[in-house]
Amino acid sequence: MAILSPALFDSAYAGMIAGAIPLHSGDIDKSVFMVAQDVLGTARMHLLVAVDRDNATVFYFAAPSSAFTSIPAFSTPLAAALPGHPQHRGDGIYFLPDVSLSVAVEKTRDHIRLIANTPEVMADWLAGQTESAVYPVEDDEAWTMESIPAAYRRIADGISLSASRYCVVVAAIALLVYVGAAIGISVLNASADKSSQAHMKAINNAVTRIDFVSPLSQQLARMQKVSALVVRAGGWIDEYRVKDGNEKFILMMPAWITRDYVDALGPSVVADQTSDDNLIRIAQGAPLSGTTATPRGLTNKPVVVPR
């Protein structure tokens, strides 16, 4: 493994996540991409995916591509934590120390999480993990994390190269496949920005299976999901805060939103009509003070959002 400078090491691992989703018959890479995109908040990312068919689980590492702008090709020996790696030693903690940041991947039967902190904090944490085996990975084989566009290019290039060995006609077909793959990337990036209620619910269910580094990471991921939904609807966040694990927010949303938007925010939200007929106010964790009556006579009564 190439030795990274402390700055590059911190940049590469500080924003990285690890997660797991159930194995299914659909497009595994796309499913992982959609879940990781929702957590990271970007479609430009690097992925490393491993399928554990024995336990019907897909494990992955993901990180924003911006973390690798100074690293032409990023490979990580923490891949030893993934099933299928030649040096995978089963469940346990796979540990990679460095000067200012140490990283560990905790792997169990169908869960995985990545933990990064200062060497001192990590040493204290490891000392308390008496029931888990700890596997240093500094000398293990490193696997490369691949960017999403690079993955499509690799697949398309392989098809083109194989077809060119047969005849010019097949090579032309392969070129069309290559172009199709390139178009597919654009469509994928564009579709990632569209508001699909079924997609939001599926992502919300899948993200609940991901383990995060700390409660702060969970709070940031939750705020990101709320923010993404509000932006897609064309509204804004009037107030958002988390104190002692209790989430409180007040959102201003256009009156045309359907019940799916409200349901996606959780079962405890309340929606009220504002004095502006074009807006409704959605809140959690606090009463909706300041709600005024409307010409329809709706004074502090929950709004029935159309399905």
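Q: How many helices and strands are there in the protein chain?
A: This predicted model has 8 helices and 14 strands.

Q: How do you know how confident the predictor is in the protein chain?
A: pLDDT is the predictor's confidence in each residue, on a scale from 0 to 100. The mean for the protein chain is 77. Of its residues, 69% reach 70 or more.

Q: Where is the pLDDT below 50?
A: Residues 153-164 are one such stretch. Beyond near neighbours in sequence, the model gives this stretch 12 contacts. Residues 289-303 also stay under 50. There the model has 30 contacts beyond four places in sequence.

Q: What makes a residue count as buried, and what percentage of the protein chain does so?
A: The cut-off is under 20% relative accessible area. Of the 307 residues, 41% count as buried. As for the surface, the protein chain exposes about 15,900 Å². Carbon and sulfur atoms supply 56% of that area.

Q: Why is the set of 31 residues called a nonpolar core?
A: The name requires buried residues of listed types, such as Tyr, Met, Phe and Leu, joined through side-chain atoms within 4.5 Å. The largest such core has 31 residues. Tyr-13, Met-16, Phe-61, Phe-68 and Leu-78 touch the most other members. Helix H1 (6-14) gives two or more residues to this core, as do strands E1 (17-22), E2 (45-52), E3 (57-64), E5 (92-96), E6 (102-107) and E7 (112-117). In soluble globular proteins, nonpolar side chains tend to be buried together.

Q: Which residues is Tyr-13 in contact with, leaving aside its neighbours within four places in sequence?
A: Contact needs heavy atoms within 4.5 Å. Phe-74, Thr-76, Pro-77, Leu-78, Leu-96, Leu-101, Val-103, Leu-114 and Ala-116 meet that test for Tyr-13.

Q: What makes E5 and E6 a pair?
A: Pairing takes at least two bridges. E5 and E6 are joined by 5 bridges, therefore they pair. The two strands run antiparallel. Tyr-94 has Val-105 in E6 as its bridge partner.

Q: Why do E7 and E8 stand at the edges of the sheet?
A: The open sheet of 4 strands has the order E7-E6-E5-E8, with mixed pairing. E7 and strand E8 (134-136) each have a single partner strand, so one side of each is left without a neighbour in the sheet. On average, neighbouring strands of this sheet are turned by 20 degrees against each other, direction ignored.

Q: Which helix lies across E5, E6, E7 and E8?
A: Helix H3 (residues 119-127) does. H3 runs at about 135 degrees to E7.

Terms used. Residues numbered from 1 in each chain as written. Predicted model: local features only at pLDDT ≥ 70, side-chain atom pairs only at ≥ 80, totals over all residues. Heavy atoms only, no water. Buried < 20%, exposed > 50% of the residue type's maximum accessible area, 1.4 Å probe, protein only. Areas by Shrake-Rupley, 256 points an atom, 1.4 Å probe, with all protein chains shown as cover. Axes fitted to C-alpha atoms, helices over the stretch in contact; angles between N-to-C directions.
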